[in-house]
Amino acid sequence: MPQLTGSIVKYPARNLVVWYLALILIGTVLLTLPICRGEGAESISRLDACFTATSASCVTGLAVRSTPDDFSFLGQLVILILIQIGGIGIMTITTYTLFNLGSKPSLRARAILTETLGASDDADLKWILRHVLLVTAFSEGAGFFILLARNLNLYDSFFESAWHALFHSISAFCNAGFALHNDSLVGFQGDIIVNLTISALIIVGGIGFPVLLDLNKNWRKGVLEGWASLHIHSKFMLIGTAFFLLGGFLGTLVLEWDGVLQEMPLWKKLLVSGFHSVSCRTAGFNTIDLASLTNATLFISMLLMLIGAGPCSTGGGFKVSTVMVMAVHAWKTFHGMSRINFARRTIPEIVIQQATATALLFTVVAIVALTALLVFEQSSVPHPKSQGVFLDAAFEVVSALGTVGLSTGFTGSLSTVGKMIIIVLMFLGRLGPISVFVALSHTQRQTPVEYPKEEPLIG
């Protein structure tokens, strides 16, 4: 096989990098146009346009300019299109188009799509693509109609109600976190319909297309038989998602009971705590002022943001399934078991190595980025005068790398270099897990010389 073809098969994620860079570039150019600037707003610099385009394409939600005020309807439409394309994947759309035009996807397109959707090499990609787009259309459509019905009582015109419903439905399903309100969804803090609808869209979009397709294939078999028929990845994702959502909910509720939740009735405390836990899974919406949260709550939020959602989903992070693999491995190792079994399946050693390397890489990138951000943002200010900047910067770094979009207010004060660091983090956060998986899966080389084995001390 020619070297070029071999490179395409081995490293399909490299092509995704090019596609996403092209999307960001196009978005940057469009957002700098005067027609995309809001009435009376200051001109949008190329850096701010690039920041916004990257945040939208990488479905993050961090913003240095006000989406409702600084961008016109056309500018908001550009942002929404970037969110949609970035959320479900450029190659998903383009390959599906090729299928429907009667052409066969290229080897490169098939390899990219296989990695992105977690499909096997012999999978019926046309069926997978059709169902991925159907799930997306159905989810966003259902969210749109529910939010539209709610918005008709909130806005003056039908168009405004429909536009807000469409924007927030797509933004929620794609786990983007962009909102047409400067305070995100704080104004809907006690709105049960909006909170539950947005939460459902976030969870469905973030659990991953392989899980949704697996559930669709097995749900008719009944609870017990259907659960037994699920792939181990789906079981990891469902168990892990439920665990982290419940943990984030209880953590926020307990830690903020006498804090930001103090004046709220019980039902509202439960609603706000639940929404915050869901949003930390890479969505980026908020119904409370994050700067008012305790340090403990912010730290738990950072852990949830770093873990993120599922592989082949619209969310980021180093993934729930990665944490589940590491947790099962640690549990079995502590009990002296050499073989890692779960749900009548044995987890290959290479998968454990990939999970460990992915989590380690994310941690290293976060540490390096945080160090750089502190150096450029406040290296000359002594600690007593920093006023919590370290935690704010750490929260910002994790939010960008996990493609979450939550912020304590640090985004607006970023310098030029600081914005560039966050841009790189958002890009790495969106494509990092895929690139790491491909690199670890296809670059194994045989070492010609084997030396005597010697074990270092661990722990």
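I call a residue buried under 20% relative accessible area, exposed over 50%, and partly exposed in between, using a 1.4 Å probe and protein chains only. I am working on a predicted model, where local features need pLDDT of at least 70, side-chain atom pairs count only at pLDDT 80 or more, and totals for chains, interfaces and linings use all residues. Residues are numbered from 1 along each chain as its sequence is written, and side-chain values use heavy atoms, with hydrogens and water left out.

**Entry: overall.** I get 19 helices and 2 strands for the protein chain; these are DSSP runs numbered from the N terminus, with helices being H or I of at least four residues and strands E of at least two. Of the 459 residues, 52% are buried. I also looked at contacts (heavy atoms within 4.5 Å). Among those with a separation of 6 or more, 72% are between residues 24 or more positions apart.

**Entry: salt bridges.** I count a salt bridge when a side-chain nitrogen of Lys or Arg is within 4 Å of a carboxyl oxygen of Asp or Glu. The structure has 4 of them. Asp-48 pairs with Arg-65, with the closest N and O atoms 3.6 Å apart. That pair joins helix α3 to the loop between α3 and α4 (67-70), 17 residues apart.

Asp-48 also meets Lys-419, at 2.8 Å from N to O. Here the link runs from α3 to helix α19 (residues 416-442), across 371 residues.

Which residue does Arg-65 meet in a salt bridge at 3.0 Å? I find Asp-70 there, and both Arg-65 and Asp-70 are buried. Through shared partners, Asp-48, Arg-65, Asp-70 and Lys-419 form one network. Asp-48 counts as buried because its relative accessibility is 9%, and Lys-419 is buried too, at 14%.

**Entry: helix α10.** I checked the length of α10 (residues 192-207): its 16 residues should span 22 Å, and the end C-alpha atoms are 22 Å apart, so the two agree. The expected span is 1.5 Å times one less than the number of residues. Buried residues in α10 include Val-194, Ile-198 and Leu-201. Their cover includes α8 (125-151) and α13 (232-255). After α10 comes Gly-208, with a positive phi near 105°.

**Entry: surface.** Ile-35 lies in the loop between α2 (12-31) and α3 (46-57). Is Ile-35 buried or exposed? It counts as exposed, because its relative accessibility is 56%.
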